[in-house]
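Subject: Structure for you, with notes

Hi,

Here is the structure I promised to send over. Please open it alongside this email, and read my notes below with it on screen.

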Amino acid sequence: MKILLISLLKFGLKIIYAPLKLLKTQNRIVYLSRQSNEKSLDMTLLEKAICEQNSDVEQVFRLRMIDDGLSAKIKYCFAVIGDMYYLATSKVAIVDTYSITVSCLNHKKDLRVLQMWHALGAIKKFGLQSVGTKEGRDEKVSRAMCMHRGYDYVLAPSEATADFYMEGFGTTRDKIKICPLPRVDFITDGEPRTSDFYYSNPAAGQKKVVLYLPTFREREAYVIEELKTEFADNDNYQLLISPHPLSETKVEDIYKPHGDFTPAELIKLADVVITDYSACAFEAALLMKPLYFFVPDYERYIADRGLNIDLKAEMPTAVFENAEELIASLDSGEYDMNSLFNFKEKYVINTKENTKKLAEFILSLTKE
């Protein structure tokens, strides 16, 4: 029944979209996302760079999460119609996740679609890689939803990551463009907001700031509790927990970063970064911050979801399944910076002025 409903939905969308494609194409770039209702850092930086190079190109943002509840889903359906209008009248479409309208519809031949994935890499399997796994999408539903079809280009931060992206997006090497996300410029350039941070987080003064950034998954609350237990009586560190934006896990005030700091800003401020399978690991590596992986469910996660990167092989002294052993490693003051450097160099290239170069590439697509 679910597959039938999806088929009917796609048919309805195609009927609505057909006359819209008769409209004139404008000198326009449209951004589509279900990740957030606000512009991501990458979108904000890219928008500015494009405007600086060519202010005549219109940039439209169609950003809407699918919230729970019938009324929210009805509103989203109307938003989809708006998405189709802008797809039909734009020269370039930029997405940072799966888009129903991009993948399920046939577009004008002059529309170029670019996948600017919201993560800086892929430690865990994702997209088409995880279809059919316990934590991935249902195979029949994914096929019916035309998962990740329709991309002309997919951005990847390195050649090693390109291999994962070809599988995750079901694409070929000729459609992969090696280009780091704009946030790489933000992370590696400029000074952290140190004074603002300590003003908003006075308890962190005179302590090493340990930032925990988990991915969105099951068992998250359990893993957080293990870390909190080990850090509770240790006066050397201030543990700060920044859950995934989609997480519903509640963080007590003592562990919550105060102030208007994004995860990227917190990484710049932290002395140590701990994650599990999150792509924020690549952001910490860019700054050569001591990076640890706390993965008490390592073998189970591999079985349920799968990993692209063998963390224990590539970061052998920084992967822990036991929180007490992780703290002991922190206390020792020893860290294998060579492994971290190799990890960074392999998975995220930094060619400098990444945002400017990406803006140039996208503007070239508007002239085809």
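This is a predicted model: local features need pLDDT of at least 70, side-chain atom pairs count only at pLDDT 80 or more; totals for chains, interfaces and linings use all residues.

Where does β3 sit in its sheet? The sheet is open and has 6 strands, in the order β2-β1-β3-β4-β5-β6, with parallel pairing. The edges are β2 (58-63) and β6 (176-178), each of which pairs on one side only. From one strand to the next, the twist averages 25°.

β3 (residues 92-95) pairs with β1 (residues 28-33) in the parallel sense, over 4 bridges. Two residue pairs are handy for finding your way. Isoleucine 29 has valine 92 of β3 as its bridge partner. Leucine 32 stands opposite valine 95 in β3.

β3 is also joined to β4 (residues 112-115) by 4 bridges, and these two strands run parallel. Here, alanine 93 has valine 113 of β4 as its bridge partner.

Now look at β1. Is it buried or exposed? Of its 6 residues, 6 are buried, so the strand is largely enclosed by the rest of the structure. Arg28, Val30 and Leu32 are buried on one side. Ile29, Tyr31 and Ser33 are buried on the other. β1 pairs with β2 as well, in the parallel sense and over 6 bridges. In that pairing, valine 30 stands opposite valine 60 of β2.

The crossing is right-handed. From α1, the contact uses Leu13, Ile16, Tyr17 and Leu20. From α3, it uses Val80, Ile81, Met84, Tyr85, Leu87 and Ala88. What kinds of residue make up this contact? There are 10 nonpolar residues, no polar ones and no charged ones.

The other pair is α2 (residues 41-53) and α16 (residues 354-365). Their axes come within 9 Å and cross at roughly 65°. α2 passes α16 in a right-handed crossing. α2 brings Leu45, Leu46, Ala49, Ile50 and Gln53 to the contact. α16 brings Thr355, Lys356, Leu358, Ala359, Glu360, Ile362 and Leu363. This contact divides into 8 nonpolar, 2 polar and 2 charged residues.

**Helix α15**

Next, go to α15 (residues 337-347). Its buried residues are Ser339, Leu340, Phe343, Lys344 and Tyr347. Viewed down the helix axis, they fall within an arc of 135°, so they line one face of α15. What do they pack against? Their partners are α6, α11 (280-286), β10 (291-294) and α13 (311-314).

**Two loop residues**

Serine 158 is in the loop between β5 (153-156) and α6 (159-169). Why does serine 158 count as buried? Its relative accessible area is 1%, and the cut-off for buried is under 20%. Setting aside neighbours within four places in sequence, serine 158 is in contact with Ile178, Lys346, Tyr347, Val348 and Ile349. Tyr347 is also one of the buried residues of α15.

Asparagine 37 is in the loop between β1 and α2. Its relative accessibility is 40%, so asparagine 37 counts as partly exposed. Apart from neighbours within four places in sequence, asparagine 37 is in contact with Leu63, Arg64 and Met65. How far is asparagine 37 from asparagine 236? The two are 199 residues apart in sequence and 38 Å apart in space, C-alpha to C-alpha.

That is what I have. Send me any questions.

Best wishes

Definitions and conventions: Residues are numbered from 1 along each chain as its sequence is written. Side-chain values use heavy atoms; hydrogens and water are left out. Two strands pair if DSSP finds at least two bridges between them. Axes are lines fitted to C-alpha atoms, for helices over the stretch in contact, and angles run from 0 to 180 degrees between N-to-C directions. A crossing is left-handed if the near helix is turned anticlockwise from the far one by less than a right angle, and right-handed if clockwise. Contact means heavy atoms within 4.5 Å. Ala, Val, Leu, Ile, Met, Phe, Trp, Tyr, Cys and Pro count as nonpolar, Asp, Glu, Lys and Arg as charged, and the others, Gly among them, as polar. Buried means under 20% relative accessible area, exposed over 50%, partly exposed in between (1.4 Å probe, protein chains only). The arc is that of the directions from the helix axis to the C-beta atoms.
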